[in-house]
Amino acid sequence: MKKLCFLIILFLALGPTASLSAGASKVPVYGLWLHPGDAGHDEAEVAAFMQKAHDAHINTIVLLVKGAGTLYFPSKLFPEAVAPGYRKFDLLRAVITEAHK
């Protein structure tokens, strides 16, 4: 019984991954982990950073939006957790908007 449970859990864990990777694109991934301070504190800074990333052929960005209890986007549910420079600036929206240009 334990072996069957293990196999079911393994199948559920690996099944979706295997099916997604089977049809995966052959385009290489050039990515970076982006800390909010590096992205900027306003739309102009984000646009400039994203242009540099584009010029460097970066095609994948992982944006840190929460760290150690601090949020880097406006939040109605947890306004006290929002970092001071991001209370009125939606960094996540700005990065996504620039990435899709």
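**Chatting about a pocket and its surroundings**

Colleague: Which elements each supply at least two residues of the lining of the largest pocket?

Modeller: Those are α3 (43-55), β2 (60-63) and α4 (91-99). Helices (H or I, at least four residues) and strands (E, at least two) are DSSP runs, numbered from the N terminus.

Colleague: What kind of model is it?

Modeller: It's a predicted one, where local features need pLDDT of at least 70, side-chain atom pairs count only at pLDDT 80 or more, and totals for chains, interfaces and linings use all residues. Residues are numbered from 1 along each chain as its sequence is written, and side-chain values use heavy atoms, with hydrogens and water left out.

Colleague: OK, zoom out. How many helices and strands are there?

Modeller: The protein has four helices and four strands, and along the sequence they run α-β-α-α-β-β-β-α.

Colleague: How much of the protein is buried?

Modeller: Of its 101 residues, 23% count as buried (under 20% relative accessible area; exposed is over 50%, partly exposed in between, with a 1.4 Å probe and protein chains only).

Colleague: Back to α4. Which residues are buried there?

Modeller: Leu91, Ala94, Val95 and Glu98. Looking down the axis of α4, the buried residues fall within an arc of 95 degrees, so they line one face of the helix. That arc is taken from the directions from the helix axis to the C-beta atoms.

Colleague: What do the buried residues of α4 pack against?

Modeller: They pack against α2 (36-39), α3 and β2.

Colleague: New topic: where does histidine 57 lie?

Modeller: In the loop between α3 and β2. Histidine 57 has a positive phi of about 65 degrees, although it isn't a glycine.

Colleague: Why does histidine 57 count as exposed?

Modeller: Because its relative accessibility is 61%.

Colleague: And what about the phi of alanine 68?

Modeller: Alanine 68 isn't a glycine either, and its phi is positive, about 50 degrees. Alanine 68 lies in the loop between β3 (66-67) and β4 (70-71).

Colleague: Is alanine 68 buried or exposed?

Modeller: Exposed, with a relative accessible area of 84%.

Conventions:
Contact means heavy atoms within 4.5 Å.
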